[in-house]
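Subject: Structure for your files

Hello,

Here is the structure I said I would pass on. My notes on one helix and its surroundings follow below.

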Amino acid sequence: MKHARRLVAGTLAAGALALSLTGCGDGADTTERLGPRTKATQETPGAPGASVSPPAPSPTGGAGGAGTASDEAYRKWGLKGPLEYAPKPAQKPEIPKAAPGKVPVVDRIPVPAGEKVVFLTFDDGAEKDPEFLKMAAELKLPISMFLTDSVASPDYGHFEKLRDNGSASTVNNHTLTHPNLRTLSYAAQKHEICGQQERLEKRFGHRPPFFRPPFGNYNDDTLRAASECGVSSLVLWRVSMQINNFQYAEGSALKPGDIILAHFRGPSELKGTTETQMTTRMLQRIQEQGYRIGRLEDYL
C-alpha cells in the first residue's frame with residue numbers, strides 16, 4: 001500500500017487542488033487535480049509541445065486490435081500525419097499490489113524503458129458532440145471513458161456509439177454525482193461508486209473494471225468501497241489537457257506510460273473551443289513529442 005501511495009505522490013500532495021470545468025468543479029480551469037509542482041505550457045493556439053522527438057514506427061493494426069485510421073482521416077481532423085498506435089503488449093506490465101480489501105492506485109503505466117506510449121482518458125460526459133463521434137471513429141481513438149451519471153445519463157446512447165465505433169473504447173466509473181469523496185462517509189462513498197457500477201452495467205451490459213474519483217480525491221474508505229463494488233483499479237493521471245496545451249504534474253513533457261486526462265467539454269466551458277478542436281490540439285502535442293497512443297485496458 002505504501003508503494004501504491006508513492007505512485008501518486010506527485011498528483012495527490014496534501015492541499016494541492018485544482019478544479020476543472022462544469023462537472024469537475026466550478027473553476028475556469030479544465031484540470032481536476034494536479035500536484036504542487038504542476039507546470040502548464042503557454043496556452044497559445046497551435047503552440048508546439050515542450051519536447052519534440054521523432055515519431056515511433058507505425059505498428060500494424062490499431063490499438064487493442066482495432067482498425068487503423070484511413071490516410072484521409074488525419075488530414076480531415078487537422079493533423080499533419082497519421083497517428084501512431086501501440087499494439088497490445090504480449091504481457092501486461094506488473095502493477096504493485098494493493099493491501100487486502102483495497103484496490104491499487106495507478107497514475108502512470110510502468111511500460112518498458114524507451115516505449116513511448118500514452119493513454120487517452122475522457123471524464124464526466126457533459127458534452128455530447130456528434131462531430132466528436134465522427135472524429136473518434138475516423139481516427140480510431142482508443143478512449144477510456146470515465147462517466148458521471150448525473151451529466152452523462154441524459155444521453156448514454158452518445159457514449160455507446162463512441163464505445164461501439166470500432167476503436168475499442170471503453171466505459172468506466174466516475175461516480176453518480178461527482179462529489180469530493182474525501183468529504184463523505186464510507187457508506188456514502190460506496191453508494192456513489194456501487195450505484196454507478198450498477199447503472200453502467202445495466203445500461204452498457206458490462207460492469208466497469210476501472211474507477212476514477214472526482215478531482216482525484218480519495219482516501220482509504222474509497223479504496224475499500226471501490227473493492228467492494230467490484231473495481232479492479234483506481235485510475236488517476238499525470239497529465240491534463242487544457243484548451244490548447246498539456247498541464248503536467250511534473251516536468252514539462254510527456255513521459256512513457258502517462259495517463260492523459262481530458263474532458264467531454266463544449267464551447268461554453270472551453271472559451272469557444274469545440275471538443276474536436278481541443279482533441280486535435282491534444283493529438284498534435286502527442287505527435288510532436290513522438291508518442292504513440294495505447295489502449296489503457298490492454299496494459300492495465
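Which residues in α6 and α7 meet each other? From α6 they are Tyr186, Gln189, Lys190 and Ile193, and from α7 they are Asp221, Thr222, Arg224, Ala225, Ala226 and Glu228. Sorted by class, this contact has 4 nonpolar, 2 polar and 4 charged residues. Please keep in mind that the model is predicted.

On the geometry of the pair: two packed helices are described by the angle between their axes and the distance between the axes. For α6 and α7 (residues 220-228), the angle is about 45 degrees and the axes are 9 Å apart. The two helices are therefore oblique to each other, and their crossing is right-handed.

Helix α6 covers residues 186-204. With 19 residues at 1.5 Å a residue, α6 should span 27 Å, and the 26 Å between its end C-alpha atoms agrees with that. After α6 comes Gly205, which has a positive phi, near 80 degrees.

The buried residues of α6 are Gln189, Glu192, Ile193, Cys194, Gly195, Gln196, Gln197, Leu200 and Phe204. Among the elements that cover them are the strands β4 (143-147), β5 (170-173) and β6 (210-211), along with the helices α4 (149-152), α5 (156-163) and α7.

Between Ala187 and Thr222 the C-alpha distance is 9.9 Å, with a sequence separation of 35 residues.

Regards

Key. Residues numbered from 1 in each chain as written. Predicted model: local features only at pLDDT ≥ 70, side-chain atom pairs only at ≥ 80, totals over all residues. Heavy atoms only, no water. Helix = DSSP H or I, 4+ residues; strand = E, 2+ residues; numbered from the N terminus. Axes fitted to C-alpha atoms, helices over the stretch in contact; angles between N-to-C directions. Parallel < 35°, antiparallel > 145°, perpendicular 65-115°, else oblique. Left-handed = near helix turned anticlockwise from the far one by under 90°. Contact = heavy atoms within 4.5 Å. Nonpolar A, V, L, I, M, F, W, Y, C, P; charged D, E, K, R; others polar. Expected span 1.5 Å × (residues − 1). Buried < 20%, exposed > 50% of the residue type's maximum accessible area, 1.4 Å probe, protein only.
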